[in-house]
Amino acid sequence: MDSVPEHCPGTESESAGKVSACQGCPNQSICSSGAAKSVDPGIELVKSHLSNVKHKVLVLSGKGGVGKSTFTNLLARVLAKSNESVDVGVLDLDICGPSMPRMMGLLNEQVHQSASGWSPVFLEENLSVMSIGFLLNSPDDAVIWRGPKKNTMIRQFLSEVDWGNGLEYLLIDTPPGTSDEHLSLVQYLKGLPDIGAIVVTTPQEVSLLDVRKEIDFCRKVNIPIIGVVENMATFVCPKCTKPSEIFPKDSGGAEKMCAELSVPFLGSVPIDPLVTRHCDEGTSAIDTPSACVDAIQQIVQKIQQYTGGH
């Protein structure tokens with residue numbers, strides 16, 4: 001579906017397409033005809049294909065520019081390094097703005113297709129990545145797709161990528177918002193066990209406002225929230241080591257919001273120009289001592305406690 005009215009009765013409801021909330025919805029005629037009630041066979045394909053993936057972790061943000069992909073990149077590297085026997089996969093679902101190939105240092109790599117599906121690109125023996133960026137002729141190519149084509153690609157990514165013998169963690173990096181990609185993702189993952197969401201924000205109220213919508217989205221579609229990460233919380237001067245708030249916490253920041261909404265707060269991550277440089281160059285930042293990496297490692301420990309992982 002391209003969009004969902006605020007009070008949508010749901011495609012399986014007898015009143016689908018027939019109530020006032022459905023007026024103006026581009027899918028009204030489909031729902032009212034009953035065609036939307038047919039089960040998408042892709043749901044069973046995804047369910048079967050991801051049965052050996054233990055934890056499916058969605059990394060979400062209500063607003064763009066909060067460093068969600070940077071966080072996902074660091075999270076994957078730290079998880080993989082914390083235990084080499086744990087396999088970690090990263091699925092880049094930001095179809096129009098895939099950034100994982102560059103951040104992971106895999107910019108010119110390509111995926112190969114076999115009888116078992118698409119083979120992801122391996123960064124380490126226990127860390128693999130899949131992104132539409134690997135399918136483009138050039139990193140500068142624009143992906144100009146409507147909702148249905150995005151939906152098809154998301155289904156293929158979820159049901160046709162050969163992650164090997166099984167993953168402990170599949171980190172799904174999503175675009176900002178609560179739109180087409182998120183609805184398709186939830187539709188295909190519905191009913192699978194061990195799904196959780198990490199929501200990334202920055203401290204200022206303009207970001208927290210959108211994050212509240214993201215939290216509401218998770219609750220409405222029954223996705224458990226692992227917790228909220230406050231990114232770019234402070235800047236620590238490399239010379240005097242004095243912390244400064246780049247984004248003011250006039251409303252108390254993410255931690256206060258989490259207390260108000262009864263959502264776990266996973267921690268704050270400071271800005272580190274060196275980490276940004278590593279992401280631009282596609283190199284690993286986790287071997288260089290920094291307050292940013294220390295914060296990510298503490299967050300990883302909380303995630304492992306939540307998932308019962310290693």
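The model I am working from is predicted.

**Entry: salt bridges**

I followed Glu160 to its partner. Glu160 forms a salt bridge with Arg155, and their closest N and O atoms are 3.8 Å apart. The cut-off for a salt bridge is 4 Å, so the Arg155 pair, at 3.8 Å, falls within it.

I then ran the search over the whole structure, and it returned 10 salt bridges. One of the pairs I looked up was Asp287 with Lys81, where the N to O distance is 2.3 Å. I noted where the two ends sit: Asp287 is in the loop between helix 9 and helix 10, Lys81 is in helix 3, and 206 residues separate them, so this pair links distant parts of the chain. I checked accessibility at both ends. Asp287 has 52% and therefore counts as exposed. Lys81 also comes out at 52% and counts as exposed. The limit for that label is over 50%.

Next I took Glu205 and Arg212. Their side chains meet in a salt bridge with an N to O distance of 2.8 Å. Glu205 is partly exposed at 34% relative accessibility, and Arg212 is partly exposed at 26%. Which residues are linked with Glu205 and Arg212 in a network of salt bridges? I found Glu260 in the network with them.

As background, side chains of opposite charge can pair when their charged atoms come close.

I moved on to strand 7, residues 167-173. Is strand 7 mostly covered or mostly open? I found seven of its seven residues buried, so strand 7 is mostly covered; buried means under 20% relative accessible area.

I listed the partners of strand 7. Strand 1 pairs with strand 7 in the parallel sense, over six bridges. In that pairing I noted that His55 has Tyr169 of strand 7 as its bridge partner. Strand 2, residues 88-92, also runs parallel to strand 7 and is joined to it by five bridges. Here I noted Asp92, whose bridge partner in strand 7 is Asp173.

I kept Asp92 in view and looked for its partner in strand 6, which is Ser131. Strand 2 and strand 6 pair in the parallel sense over five bridges. Strand 6 covers residues 127-131, and five of the five are buried, so the rest of the structure largely encloses this strand.

Which way do the residues of strand 6 point? I found Leu127, Val129 and Ser131 pointing one way and Ser128 and Met130 the other, and all are buried. In a regular strand the side chains alternate between the two faces of the sheet.

I also looked up strand 5, residues 121-124. Three bridges join strand 5 to strand 6, and the two run antiparallel. Val121 has Val129 of strand 6 as its bridge partner. The two strands form a hairpin, with two residues between them.

Gly62 lies in the loop between strand 1 (53-60) and helix 3 (68-82). Its relative accessibility is 17%, so Gly62 counts as buried. Leaving out residues up to four places away in sequence, I found Gly62 touching Pro176, Gly177, Asp210, Val211 and Glu214.

Gly67 is in the loop between strand 1 and helix 3. With a relative accessible area of 16%, Gly67 is buried. With the near sequence neighbours, up to four places away, left out, Gly67 touches Asn231 and Met232.

**Entry: Ser290**

I went back to the loop between helix 9 (273-281) and helix 10 (291-307), where Ser290 is found. Is Ser290 buried or exposed? At 12% relative accessibility, Ser290 counts as buried. Its contacts, not counting residues up to four places away in sequence, are Asp272 and Val275.

**Entry: domains**

Last, I looked up the domain assignment. It gives domain 1 as 1-38 and domain 2 as 41-309. I noted that their C-alpha centres lie 31 Å apart.

Conventions. Residues are numbered from 1 along each chain as its sequence is written. This is a predicted model: local features need pLDDT of at least 70, side-chain atom pairs count only at pLDDT 80 or more; totals for chains, interfaces and linings use all residues. Side-chain values use heavy atoms; hydrogens and water are left out. Domain bounds come from an automatic or database domain assignment. Helices (H or I, at least four residues) and strands (E, at least two) are DSSP runs, numbered from the N terminus. Buried means under 20% relative accessible area, exposed over 50%, partly exposed in between (1.4 Å probe, protein chains only). Contact means heavy atoms within 4.5 Å. Two strands pair if DSSP finds at least two bridges between them.
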